[in-house]
Every structure is written in C-alpha cells, then in structure tokens.
Amino acid sequence: MGEFKVHRVRFFDFMPSGIRCMAFNSKADRLALARLDGSVEIFNFSNNYFQEKVIPGNDSRSIEAICWVGCDRLFTAGLNGEVVEYDLERLCPKYTLDAFGGPIWTAACNSEETHFAFGCEDGSVKLFEILPDKIQFERNLDRQKGRILSLSWHKSGTLIAAGSLDVIRVFDVKSGHSVQRILVDRGPAGTRNKDCVVWNVAFLSDYTIVSGDSAGKVQLWDANKGTLIKTHLVSKWDVLSLSVSENEDSIVAGTSEGTVVQFQLLSPKIGDTETQWVRTRTFKHHTHDVRAVTETRTAVVSGGLDTQLVICPLMDKVEVKSSESVLRKVIFPHRSLVSCAKKPSLLLFQFPDQLELWRLGGTDTIGKPGESLPVTRKPEKLLQLKRKGDDHICCSTISECGHWIAYSTVSSIRLYQLQCDNNNISITKVSKLPKVLRSAHQLQFSADSSKLFVASEQATIHVISVSRSECKHVHTFKPKSGSSAPVHLLAASADGQWLTSANRHCEINVYNLKKLKHHCMVPVYNSLPSAMAIHPETNNLLVTHADQQMFEFGIVDKQYTDWSRKLQKEGLHRCRLKWGTPVTHITFNPQAPSQVILHDMHMFCIIDQSLPLDGLKAQFYSQLTPKDTSETDKPRKNNALKICNKYQPLLHVNLLEDDWLVVVERPLIDIHSQLPAPVRQKKFGT
C-alpha cells in the first residue's frame with residue numbers, strides 16, 4: 001500500500017496540567033472540569049466523551065470550584081477571590097465578580113438553582129442570588145474562625161453544611177446562624193497534634209452529612225443530633241474529594257494515594273429492609289492525588305494531579321461490549337497542537353504560554369524496511385515565541401511555505417513574518433492588522449500562503465490577504481443558518497477555491513473563495529466533526545466525527561460520493577471501531593491520491609479508496625508478516641484499511657513533500673517524570 005521514511009519526533013515537551021475540580025451536568029450529559037492552569041474543558045458524554053469545548057486559561061486565574069446552573073451556565077471560583085461566569089459560545093469569561101472574602105476555596109449551588117454559597121478564606125459563607133443574566137451578592141452567614149474549605153446544601157435549601165479545620169458546622173440559611181457544631185476526630189494518636197482538614201462534605205436528603213478529611217476517613221454524621229454514625233478508614237493519607245450519586249445510593253471518594261473508593265447503600269442480609277453504607281469497590285487508575293470525582297449514571301469519573309481524566313464504567317449499570325463498558329483515559333486534547341510547513345520541513349508546537357518552531361533533522365543513510373537510521377542532521381529549534389499578556393494561547397498555525405506564523409488568545413490575534421537565511425532566522429511582527437480581528441477560535445493559511453482564514457468569536461470567518469507590503473481584510477463569511485456556535489475546524493482546498501468550516505452545532509459550511517459566497521451546507525449529522533480535509537485533486541471533503549463515523553462529500557456535486565455511501569453500507573473493519581479517542585487529523589498521499597492517512601492518539605491508519613472495503617466481518621490480516629514466512633504463504637488479501645500502532649501516544653501525523661512521514665509522539669513516561677513524587681506505600685520485600 002506504500003512505504004514511507006518516518007521522522008519519529010519526541011521533542012514536543014507538551015505537559016498537560018493537572019485536574020483540580022469537575023462538575024457533571026446530568027441534564028445536558030456534559031462534564032466540565034477545571035485544570036490547575038485555569039483552563040476549563042467541557043466533555044460531551046453522549047457524543048463518545050468528546051472534548052467539545054476548551055476555554056483557555058489565564059495566569060491570574062486559579063480555580064478551586066466549578067458549578068453548572070441549568071444546561072448552559074457555567075461558573076468557577078478560585079483563590080483570586082473572584083467568581084467567573086463563562087460565555088460558552090465565545091469560549092471566554094462573560095463577567096467577573098469579587099466576593100470580597102479573600103480566596104474562595106469552595107462553592108455550591110442549591111437544588112432549586114436560585115442561590116450560590118461560596119466558602120472564603122476569612123471564614124465567611126457568602127450567599128449570591130442567581131439571576132437570569134448575572135449573579136448578585138445577597139448576604140453573609142455568620143463568620144467563623146478559620147477558612148471554609150467545603151460546602152454542601154441540603155436538598156430542602158434551608159441548611160448548609162460547611163467543613164473547615166477540625167469542625168463541621170451546619171448553618172440555617174434563613175437566619176444565617178450556625179445551628180450545629182460537629183468536632184471531627186483528628187485520627188490515630190500519632191497525628192493528634194495536626195489539624196484535621198475537612199476537605200469535602202456532602203449533605204444527604206435524610207439529614208446525613210458525609211465528610212472526607214486529611215486523616216483518611218470517610219465519616220457519616222447525623223446533622224440533627226451532631227453525632228457520628230459510622231467511620232470508614234479508607235487511606236493513610238488525605239481523602240481529597242467526594243461525590244454522591246443523584247439518587248443518593250452511592251458515594252465515591254478520591255484519595256491522595258491515587259485510589260478511588262466506592263460506598264453503596266446496601267442491605268447486609270438478603271430480605272433485610274435496613275440498609276447501611278458498605279465499601280464495595282476500589283479503583284486504582286491514578287498515581288497521584290485524586291482531586292476531583294463524580295458519578296454519572298453508568299461510570300465513576302475521576303481526575304487529579306497526574307493530568308488524566310479516567311472514566312471507569314460500572315459494569316452492573318452498562319451493557320456488555322457497548323461503548324459505555326470501556327475504560328477510558330483522556331490525557332491529551334481532542335484537537336491538534338502541532339502545525340506543519342511541508343515544504344521547508346518545519347513543525348510549530350503550541351504551548352499555553354509560547355510557540356516553538358523546529359526544523360526536522362535528516363539522514364544520508366539508506367536502510368532496509370523497519371531499520372532505524374542514524375541521524376546525520378539533528379533537529380534544530382529555530383524559534384521560541386512567548387505570548388504577550390496573561391491569556392493562554394488558544395490556537396496557532398504556520399503557513400505551508402514557512403514564512404508566516406499566527407496565533408490567538410481570547411483577547412488578541414498576532415501575526416508574524418519569518419525570514420530564514422541559511423542558519424539565520426529573523427521574525428517581524430505585523431503591527432497593523434485589520435480592525436475586524438479581535439480573537440480567533442481557529443486559524444489556517446491557504447495552500448499558497450497568500451490568505452489567512454480566521455474563525456472569529458462571532459462564529460464568522462474572516463478572509464485576510466497577507467503579503468510583505470500589507471495585510472488587509474478581503475471578506476467575511478457568515479453561516480447560512482445564522483448559528484452563533486463557535487467554529488472549531490477549518491479546511492481549505494489546494495487550488496484555493498473552497499473553504500469549509502465546522503461548528504459546535506455539527507454544521508459544516510462550504511464557501512466559494514473565488515466568488516466569495518456561501519456554496520452549500522453538508523447534511524447535518526448528529527455528532528461533532530473531529531477532523532476534516534479536502535482532497536487536493538477531487539476537491540471531495542472527507543470528515544470524521546466524534547462517534548468515529550466517516551463521510552466523503554462531493555463539494556462540486558453537493559452530495560455524498562459513491563464511496564461514502566458504500567462505506568456507510570458496508571463499513572470498515574471492526575478493528576477501527578476499537579479506537580477509544582477521536583481522529584484529530586486527516587491528510588492525503590500526493591504520490592497515491594487514493595490513499596487517506598488519519599490518526600487518533602493510539603494509532604494511525606491508511607485507507608485506500610481504490611480497494612474494496614473490508615466490511616465489519618472480514619478477516620483482518622496482520623500488517624507485520626513474520627520474516628520466516630515464505631512469499632507463497634503470505635496472505636494476498638488487499639485490505640483497504642492498514643493500521644499502525646507502533647507509535648503512540650500520537651499528537652500529529654503528516655506527510656512531507658519528499659515521501660517522509662512525520663510522526664509526533666509524547667511518551668507517557670516523559671509526562672510522569674515531570675510530575676512531583678507520588679505518595680508511595682511500603683510493600684513487603686521492598
């Protein structure tokens with residue numbers, strides 16, 4: 001099917017940030033999580049757990065709590081003392097309020113979603129009223145000694161449980177007074193000289209308070225009497241996070257040693273009507289602090305300092321061999337952080353605070369298939385471009401010729417011109433940009449590098465003409481449907497005639513760049529597009545979706561191609577259905593126009609559109625034939641799908657012009673080596 005020389009790139013030192021807190025919205029079936037760098041991510045659990053939106057972080061924003069209100073309002077609070085509501089269309093903060101209580105450690109919303117409670121450094125619990133377009137301060141509850149570290153509302157909305165150092169207090173919301181004070185045991189004798197930090201509390205509808213503390217205990221308290229009901233010692237270290245299921249029959253707790261423990265409300269004997277909380281499961285998928293846990297209808301979701309989001313299915317609540325029964329670990333973004341300039345063999349790496357430009361190395365040695373060749377020209381770091389301001393970089397791109405670099409934050413767009421003269425490189429900022437350019441969700445240059453396409457925050461696409469003499473605005477495309485959903489994918493044709501965009505409402509629009517008008521809209525499919533590209537010869541648009549479906553749309557004919565219809569009827573081999581992460585990039589082989597190369601995090605594959613489809617039930621032959629197998633015994637089956645999982649985790653796969661395949665990896669061992677030392681348990685014999 002084709003042989004390639006491979007650039008195996010491992011010098012992209014991307015480091016994901018740890019997960020600090022999360023909130024699951026059962027109405028919208030979406031999970032929002034906040035990372036330690038202040039960024040916010042939203043995952044669509046009904047769409048194959050796709051990372052639907054990313055709100056870039058800010059150096060001055062430190063998030064400690066995150067809450068949903070309704071289906072489409074998201075709030076965070078943090079150590080800068082501010083409460084932030086986000087614009088989920090523009091993917092940026094909508095407004096910011098100061099709570100005037102110092103750093104905010106915790107936040108909770110009542111069940112009616114009419115009020116917020118914020119726990120502050122100065123010992124106050126502040127109530128804010130939730131209005132249709134904002135929130136406003138209402139009053140303080142009685143100030144206590146010591147910071148408020150955890151909060152939970154009772155379902156009735158009349159009581160609030162608050163955890164701090166060594167104590168849990170129950171507040172009457174109407175009067176604002178503390179009506180119950182519960183002292184928490186500090187633990188074994190050797191630890192009694194240390195404060196017991198109540199990291200989390202949960203107020204159940206039967207007036208039971210569940211607490212998790214720094215002594216490794218999960219305790220249940222009677223809120224009316226202030227007495228202890230039960231103690232579960234789950235760890236020698238801190239219990240950092242707690243979550244209660246929607247119907248209050250399950251509790252999950254995350255610890256600083258990386259374990260997640262589940263408790264269930266069960267009858268100790270068959271036929272017994274009395275129930276009690278029993279420790280039933282222990283999950284060990286993390287190596288460091290589990291800072292956040294939540295329980296959905298079918299899974300336990302956890303995240304922490306080791307940066308990965310773990311979705312562990314509850315096998316008694318899912319169908320066997322369904323997509324929900326698979327353990328998932330999300331480590332890398334569901335979008336590309338690497339841009340490639342094919343002609344000069346340059347790679348642009350995107351970090352939150354900077355961009356790095358590298359020139360690929362090379363070799364003069366000719367080897368045999370499967371052999372590693374010595375590097376005679378080492379890869380070279382040409383440029384390190386640091387962003388301006390506190391806002392993190394949300395998107396970036398480099399032109400095909402390698403002479404232009406553009407990046408955007410939530411507040412500005414910057415364009416630079418590069419000049420390479422042998423080993424000397426100079427960079428010039430384009431100072432005068434068109435006034436329509438404020439910020440972008442996606443950036444891409446045309447194939448001839450003469451135009452820059454900017455997906456703006458207003459869901460429009462600006463066409464900008466770039467040259468050494470000037471940079472001017474040519475046209476603005478607007479979606480025909482009038483949708484305000486942010487555009488997250490752009491694809492331009494090689495001949496400069498077509499531009500396609502995909503937004504968060506699953507709409508794919510096609511624009512004619514020659515006539516500067518809307519051409520057509522691809523039929524809407526109810527799954528978000530994860531990657532798309534236009535074939536350089538046929539101008540057919542190839543799209544992959546979050547649910548791993550693939551379509552080919554003829555732009556000129558405004559309909560799906562015959563190959564696409566056949567693909568939907570017969571399908572590719574079942575091995576493709578095992579991919580746990582979405583496809584993030586598509587490219588084509590210029591030497592063999594029928595070949596499509598696409599990849600996810602675990603593998604890349606080549607699909608030959610000229611060969612018959614394998615179908616779901618066809619026999620799949622190994623791509624690696626043993627050396628001792630004779631030519632006559634080798635299978636002669638021509639598979640349309642070839643899979644390679646030698647390189648992983650994959651962040652980018654692309655074809656250069658000289659038949660070189662560039663593969664960008666980020667080994668997990670390199671990420672783990674940059675994490676702080678985990679809490680280690682002494683094991684027998686070590």
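Leucine 183 lies in strand E17, which covers residues 178–183; helices (H or I, at least four residues) and strands (E, at least two) are DSSP runs, numbered from the N terminus. The model is predicted, and local features need pLDDT of at least 70, side-chain atom pairs count only at pLDDT 80 or more, while totals for chains, interfaces and linings use all residues. Residues are numbered from 1 along each chain as its sequence is written, and side-chain values use heavy atoms, with hydrogens and water left out.

Leucine 183 is exposed, with a relative accessible area of 55%, where buried means under 20% relative accessible area, exposed over 50% and partly exposed in between (1.4 Å probe, protein chains only). Leaving aside residues up to four places away in sequence, leucine 183 touches Asp166, Val167 and Trp221, a contact being heavy atoms within 4.5 Å.

Elsewhere, four strands form an open sheet in the order E10-E11-E12-E13, with antiparallel pairing; two strands pair if DSSP finds at least two bridges between them. Strand E10 (104–109) and strand E13 (135–140) stand at the edges with a single partner strand each, so one side of each is left without a neighbour in the sheet. Strand E11 (residues 115–120) pairs with strand E12 (residues 125–130) in the antiparallel sense over five bridges, and glycine 119 stands opposite valine 125 in E12.

In strand E46 (residues 529–534), six of the six residues are buried, so this strand is largely enclosed by the rest of the structure. Five bridges join E46 to the antiparallel strand E47 (residues 540–545), and alanine 533 stands opposite leucine 542 in E47. E46 and E47 form a hairpin with five residues between them, and asparagine 539 in the turn has a positive phi of about 60°.
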